Amino acid sequence: MDDPRDEPLLPAPRGPLSRAVTTYLRGAGPLPSEAEAAAAPVYGEDLQLALYLCYELHYRGFADVAPTLEWDPDLLRTRAAMERRFLAALREDAPHHDSVDDALAGILVEPVDGTGVSHFLRDKGELWQLREYAALRSLYHLKEADPHAWVLPRLRGRAKAAMAAVEFDEYGGGRADRVHARLWADLMDDLGLDTTYGRHLDAACAELLATVNLMSLFGLHRTLRGALVGHFAAVEITSSPGSRRLAEAMRRTGAGPAAEHFYDEHVEADAVHEQVVRKDVIGGLLEDEPQLEADVAFGVAATVFTEDRLGDRLLADWGEGRSALRTPLSQEVTHGS
């Protein structure tokens, strides 16, 4: 993986909203109006990219954007307008549950005949599809655990201690070579992919951007701390069985030892993390703040909803034998070339 201090360049815009945000970040024009934000399809390429650009300023940023814009008041107002639309749509479209137990019930038991992305890749996925999957997921996995770390200052007691313990594992338990973002870069190396942070943003579809934006939305708002815990629980609960299938896919296609290792590592680690998150993170949070149960349930439901949308997109494209990327890997062009 490249020097962690490296920052990506801004991607190509996908419509008037993301074009205006990109132009503003370069200091070359005004931000979009709230009316423009309201006109863009909420799950579409334009709004999701514009929102991603705003959020990324709180992570690695962009090489061609002034760091001081992270807390630019006008940009934050624009981001807030897009967030309100995204959050309202999620609350409307994600399944509604009366309790955390109800929200988790659907993901605690593996279906006998699963039809998701990991099932497809395990059973008949080809190497080119695994490469596409890795390129897409790199937008999160090269900063794995960072969005969830935002919740730590918002927790206390048992929930904070348990969350910190799980995050410590995600960051390699104190060993740089075992940081999960590093392991993902090693997986990408096995697959012959460019591991530069943010390299595959132009290729990523709106459905993928929405899954990453969801984490940032929840993580950057203290009022949504319960939803972020719900998101984390959904990820950890579904990770172990999904990782087992993806490890099998990597072995079947000969992807390479590092590609196998990433998922083998998550089979074991996340089986333990699931128990800790359910018992101590959720349990501790709701013991301290029982009024947040609806938010935790919403976080679970919104995670499942956005992941299902992404899965439907990938399976539809791959089922027709076409690339799921906006820019196929064979046609990628390095920024600035």
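The buried residues of helix α1 are L17, S18, A20, V21, T22, Y24 and L25, where buried means under 20% relative accessible area, exposed over 50% and partly exposed in between, with a 1.4 Å probe and protein chains only. That makes α1, residues 16–25, mostly covered, with 7 of its 10 residues buried. Helices here are DSSP runs of H or I with at least four residues, strands are E runs of at least two, and both are numbered from the N terminus. The buried residues of α1 pack against α2 (34–39), α3 (45–56) and α4 (73–93), contact being heavy atoms within 4.5 Å. After α1 comes G27, with a positive phi near 75°.

A word on the model: it is predicted, so local features need pLDDT of at least 70 and side-chain atom pairs 80 or more, while totals for chains, interfaces and linings use all residues. Residues count from 1 along each chain as its sequence is written, and side-chain values use heavy atoms, without hydrogens or water.

Now for the rings. Phe, Tyr and Trp (its six-membered ring) pair if their centres lie within 6.5 Å; planes under 30 degrees apart are stacked, over 60 edge-to-face, the rest tilted. That rule gives 8 aromatic pairs. Y43 counts as buried because its relative accessibility is 16%, and F86 does so because its value is 0%. F120 and W318, by contrast, are stacked, at 5.9 Å and 20°. Both are buried.
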